[in-house]
Amino acid sequence: MRQTHSLVALLTLSATLGLASQARGETLSTSAKSPHSPSISIAELTAAADANRAPFATDTLRLDGGIATLEQTAEEPNAAAVETPETDTEAKDSRLVRRELSNQTALVEVHQLGTEALTADVESAETAATARSAALEIGQATDTDDEAPAAGDTEPLPEPTSDEDEDATATDEESSGETQVLVAEVAVTDPDGADIEPDLEDTVYNAIDTRPGQTTTRSQIQEDINNIFATGFFSNVRAVPTDTPLGVRVTYVVSPNPVLTQVTVEGGDVIPDEVIDDIFSPQYGEIINLLEFQDGILELNNWYQDNGYVLAQVIAAPEVGEDGVVTLQVAEGVIEDINVQFLTEDGLAEDDEGNPINGKTHDYIILREFETEAGDVFQQSQIQADLQRVFGLGIFDDVTIELNPGQKDPREVDVTVNVIERNTGSVAAGIGFNFTGDLFGTLSYRQDNFGGNNQKFSAEAQLSFRDILFDVSFTDPWIAGDPYRTSYTLNGFGRRSISLVFDGGDNQIDLANGDRVRVNRFGSGVTFRRPLDNGWSASLGTLYQRVRTTDGDGEIVTRDVGPDQIPGTADDNQLTLSDTGADDLWTVQFSVVQDQRNNSLTPTSGSVLRLGTEQSIPLGSGNIFFNRVRASYSYYFPVSFFNFSEGPQALAVNVQGGSIIGDFPPYEAFSIGGTNSVRGYDEGELGTGQSYLQASLEYRFPLFSFIGGALFLDAGTDLGTGSEVIGSPGPDRGKPGSGFGYGAGVRVQTPLGPIRVDYGFSDEGDGRLHFGIGERF
């Protein structure tokens, strides 16, 4: 009668979770550790929930492979999972044989020598029990003070005596390649040999496959240890087999995780304490479960990701205190430094000789657009807004960032802003003829990055035999050192134009010589602008002009011929306030704007409000004293009426108006009608008044590719104030004063904004084509 072999190699099975660290995608690893560690690291608590949610089998088997030898060896490094006993009396009676099983970890099989036939008599059983007890005593001589439960603590199950069972066992042993041992009893204790909580005990029993009355193998015991670890409730698991006369008693010695009392985060500058508590407070007061705790860590990482802190993550942490306080270490992605690097058009950072590319723009011009600073935590949405502001300067073809480990601390990040500069300067010259046949020449210069400071300078001159016209402007978009981003614009000009006030209408009124009235303005001014909170901005400026009314030859004129077309009569219209043909006009302007549009060029949602006032100061000729007020409000509704093409659609509404209080020259009156007013009417043809009110409605939709369409309706009125203007230029010329227009148009998208082509019909039945750059409002 053959008895199942004792599992000498299975005297002590233990496995521990090793310290693991995880940083920036590094996978967790395990290492051997004393089963009596006084505390547990976060890596130990989270290692159980690796990518496969059960990493223990592989790691433990790898450790097991280190103890297999060709000959019996009492001392073998890395023998963390299986300790092989050796005694003087049994040294010659046993041998360890290593077998390779298709790339699996080597397993150890123990063969008893010197006993060719086993009998079922009591003497043989007692002899085998004595041998197993001696081996057990040596197998317990480890670096741990834990004592395995005694064999007599529980009643062993009867050992099977059936020949069929023994034959089946022998067959299984031969097929599996490892020794099978009959299990008489299975028990669960803590390291002190005491019982654990019933719920945890049930968790262990449900996790293992080893059962009393059945045979087991070393691999099966190892799998049980892995399964116990995979429950997430234990920081240390060992299997201690004890020989008994009726078989092997397998005791699973487990160390439950501590009770979680609090979670704190080291290095977490941006995450609120409330978020940490919300994530982990449901686990407070409970034994730490590795899987649930790992879920909490993932939720913590997700909070960082959802809030744009894309470089932040939980990394290696200190060990858990005995009071159950877990401290997580977080690397949030602190910015060590921000630098600027210039690239060529091909994206190269060096020239052919290996020298770095030197840009024209000063670094501080770029860096001051960044609200993100060194020492801040990298936040994706904030960086994107910073890049948009840099690109919005209009002096770069491309702006990107590059991230590198910090020079001083590799856990931090260096941000390099890569920019490709565009050509910002232009010079133009031309020659031509005007409507009167005069020859003139033009010369212009423009630089949008003057001195590498993002300052704008432009100059344009037109020379003819009669006069010289010019326009010079200089803008500094951000006064150096100003924390409020204040900008200013200086300009000087000499301009001449045919005023809309004195043009248009059914009744053409000219000068006595048959010419039309020109308004000449010579002056200069300065305007300061500053952004405010919540999309508001404000501007304040002053402007002085010397205004003259002349004919085509540049001669000053004071009156036109009036509606009777007879010069020198009482109905001749006065052209200036001073009645000398020349006025001194000095004004101070103040305005505020709140822009909440989603896109300033092609808005589809949001609104923009504009309010302004202009006060004249009596000075010189004309002694002009008046106040002008204006208001405009636009709102954009995203809609989807028709599906002509993919792209956003919007319904845009605008209402605006203005009024002048006081004595004002006629050329300062409001003109209504035209491309930027009521379409379907010619420029200024609808009316001229002291006040006005205007409303527009547009449906904007995509057609295909870069072309969109629009349907519009405009309406405007001078509110009956045409006769309040000196000389009544509107009523005398037959301008109706009120009207509306409607029509359709196309929008061609360009880098400068949409080019607008509209065809409108007036309420009087006339149709006109209108061209413009940018949306109507």
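This passage walks through a predicted model of one protein chain, from its overall make-up to a handful of individual residues.

The protein chain has 777 residues, and 46% of them count as buried. Its secondary structure comes to 11 helices and 32 strands. Among the contacts with a separation of 6 or more, 61% are between residues 24 or more positions apart. The accessible surface of the chain comes to about 37,800 Å², and carbon and sulfur atoms account for 52% of that surface.

The interior comes next. In soluble globular proteins, nonpolar side chains tend to be buried together. In this model, the largest nonpolar core holds 23 residues. Val 263, Phe 280, Phe 293, Leu 300, Val 326 and Leu 328 are the ones that touch the most other members. Helix α8 gives the largest share, with five residues. Another core, of 22 residues, lies apart from it and includes Val 501, Ile 624, Phe 626 and Tyr 692.

Aromatic rings deserve a look of their own. The structure holds 18 aromatic pairs. One aromatic cluster is formed by Tyr 445, Phe 450, Phe 457, Phe 474, Tyr 488 and Phe 528. Arg 495 lies over the face of Phe 493, at 4.0 Å from the ring centre. Arg 700 is placed over the face of Phe 777, where the distance to the ring centre is 5.0 Å.

Gln 220 counts as partly exposed because its relative accessible area is 22%. Setting aside residues up to four places away in sequence, Gln 220 touches Asp 209 and Thr 210.

Thr 244 belongs to strand β7, made up of residues 234–244. With a relative accessibility of 3%, Thr 244 counts as buried, since the cut-off for that class is under 20%. The side chain of Thr 244 reaches the backbone oxygen of Gly 247 at 2.6 Å.

Arg 485 has a phi near 60 degrees, a positive value in a residue other than glycine. Arg 485 is found in the loop between β18 (468–476) and β19 (487–497), and its relative accessibility of 30% makes it partly exposed. Ser 705 also has a positive phi, near 50 degrees, and is likewise a residue other than glycine. The loop that holds Ser 705 runs between β28 (691–704) and β29. Ser 705 is exposed, with a relative accessible area of 69%.

Ser 728 sits in the loop between β29 (707–717) and α11 (729–732). Although this residue is in a loop, Ser 728 counts as buried, at 18% relative accessibility. Leaving out neighbours within four places in sequence, Ser 728 is in contact with Gly 722 and Ser 723.

Two glycines complete the tour. Gly 734 is placed in the loop between α11 and β30 (738–748). Its relative accessibility of 24% puts Gly 734 in the partly exposed class. Not counting residues up to four places away in sequence, Gly 734 touches Asp 506 and Asn 507. The C-alpha atoms of Gly 734 and Gly 687 are separated by 8.7 Å, and these two glycines are 47 residues apart along the chain.

Gly 765 lies in the loop between β31 (755–762) and β32 (767–773). Gly 765 is exposed, as its relative accessible area is 56%. Gly 680 is 85 residues away from Gly 765 along the chain, and the C-alpha atoms of the two are separated by 8.6 Å.

Notes: Residues are numbered from 1 along each chain as its sequence is written. This is a predicted model: local features need pLDDT of at least 70, side-chain atom pairs count only at pLDDT 80 or more; totals for chains, interfaces and linings use all residues. Side-chain values use heavy atoms; hydrogens and water are left out. A nonpolar core is a set of buried Ala, Val, Leu, Ile, Met, Phe, Trp, Tyr and Cys residues joined through side-chain atoms within 4.5 Å. Buried means under 20% relative accessible area, exposed over 50%, partly exposed in between (1.4 Å probe, protein chains only). Helices (H or I, at least four residues) and strands (E, at least two) are DSSP runs, numbered from the N terminus. A polar contact is a pair of N or O atoms within 3.5 Å; within protein, one must be able to donate a hydrogen and the other to accept it, and residues adjacent in sequence count only if both atoms are side-chain atoms. Contact means heavy atoms within 4.5 Å. Accessible areas come from the Shrake-Rupley method with a 1.4 Å probe; for residues, only the protein chains shown count as cover. Rings of Phe, Tyr and Trp (its six-membered ring) pair if their centres lie within 6.5 Å; planes under 30 degrees apart count as stacked, over 60 as edge-to-face and the rest as tilted. A charge sits over a ring if NZ of Lys or CZ of Arg is within 6 Å of the ring centre and within 35 degrees of the ring normal.
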